[in-house]
Amino acid sequence: MNWKALDDTHLRRLKPLVFLAALLPLGLLLTAAWQDQLGANPIEKITHNTGYWTLTFLLISLGVTPLRQLSGANWLVRLRRMLGLFAFFYACLHFSTYLVLDQFFDWSAIAKDILKRPYITVGFAAFVLLIPLAVTSTNAMQRRLGGKNWKRLHGLVYPIAAAGVVHFAWLVKKDLSRPLLFGGILALLLALRWFYKIKSARLRRSYSSI
């Protein structure tokens with residue numbers, strides 16, 4: 001089997017495995033909760049865990065295109081939507097933990113937090129921007145918006161990921177090792193994106209001059 005050119009049969013078998021692997025962090029978190037192993041501050045543990053996996057899946061989904069370009073495995077693009085939706089799924093869990101377990105639906109306290117605490121302001125803005133990306137992730141919405149408008153809208157994923165990194169850095173305050181790692185990965189992905197964009201533009205110019 002040529003892994004660079006998976007057929008539909010092999011891809012149909014792979015997708016459920018990717019789906020289950022993406023649910024594994026939630027399964028481990030629920031197991032830890034069931035066994036009362038979330039530590040002295042379980043709400044903080046859940047908040048940090050779901051936020052970590054939100055950012056992780058965002059970066060994995062952003063890494064699909066450069067990995068496809070580097071490897072020539074075009075089938076990877078067919079996993080990108082699922083990975084992006086899992087980023088939104090964990091973002092919903094992250095926000096729900098804050099909304100329900102931390103604030104107990106205290107809307108006035110939530111509004112004050114969003115306005116006065118910068119890391120919550122940035123995190124909330126990133127979550128809100130993720131919503132239209134999730135809603136328009138289907139093929140039908142892509143056709144309705146048109147290719148160019150859809151790509152322009154989904155280009156927001158890069159500033160969303162950047163906001164996620166900033167949110168993470170402000171949240172942990174002292175140990176910045178993980179936020180810096182995420183920031184470095186995001187910077188690399190942005191650099192690869194611009195490299196291939198410039199390369200594609202040069203190829204188009206060279207073809208048009210022939």
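The model is predicted. Its secondary structure consists of nine helices and zero strands. Along the sequence, the elements follow the pattern α-α-α-α-α-α-α-α-α.

**Overall dimensions and surface**

- The C-alpha trace of the protein spans about 65 × 40 × 35 Å along its principal axes.
- The protein has 210 residues, and 35% of them count as buried.

**Contacts along the chain**

- Among contacts in the protein with a separation of 6 or more, 66% are between residues 24 or more positions apart.

**Packing of α1 and α2**

- Two packed helices are described by the angle between their axes and by the distance between those axes.
- Helix α1 covers residues 8-34, and helix α2 covers residues 42-71.
- The two helices pack at an angle of about 175 degrees, and their axes are 11 Å apart.
- Angles over 145 degrees count as roughly antiparallel, and α1 and α2 are therefore roughly antiparallel to each other.

**Residues where α1 meets α2**

- On the α1 side, the contact is made by Ala 22, Pro 25 and Leu 29.
- On the α2 side, the residues are Ile 46, Asn 49, Thr 50, Trp 53 and Phe 57.
- By class, this contact of α1 with α2 has six nonpolar residues, two polar residues and no charged residues.

Terms used. Residues numbered from 1 in each chain as written. Predicted model: local features only at pLDDT ≥ 70, side-chain atom pairs only at ≥ 80, totals over all residues. Heavy atoms only, no water. Axes fitted to C-alpha atoms, helices over the stretch in contact; angles between N-to-C directions. Helix = DSSP H or I, 4+ residues; strand = E, 2+ residues; numbered from the N terminus. Parallel < 35°, antiparallel > 145°, perpendicular 65-115°, else oblique. Contact = heavy atoms within 4.5 Å. Nonpolar A, V, L, I, M, F, W, Y, C, P; charged D, E, K, R; others polar. Buried < 20%, exposed > 50% of the residue type's maximum accessible area, 1.4 Å probe, protein only.
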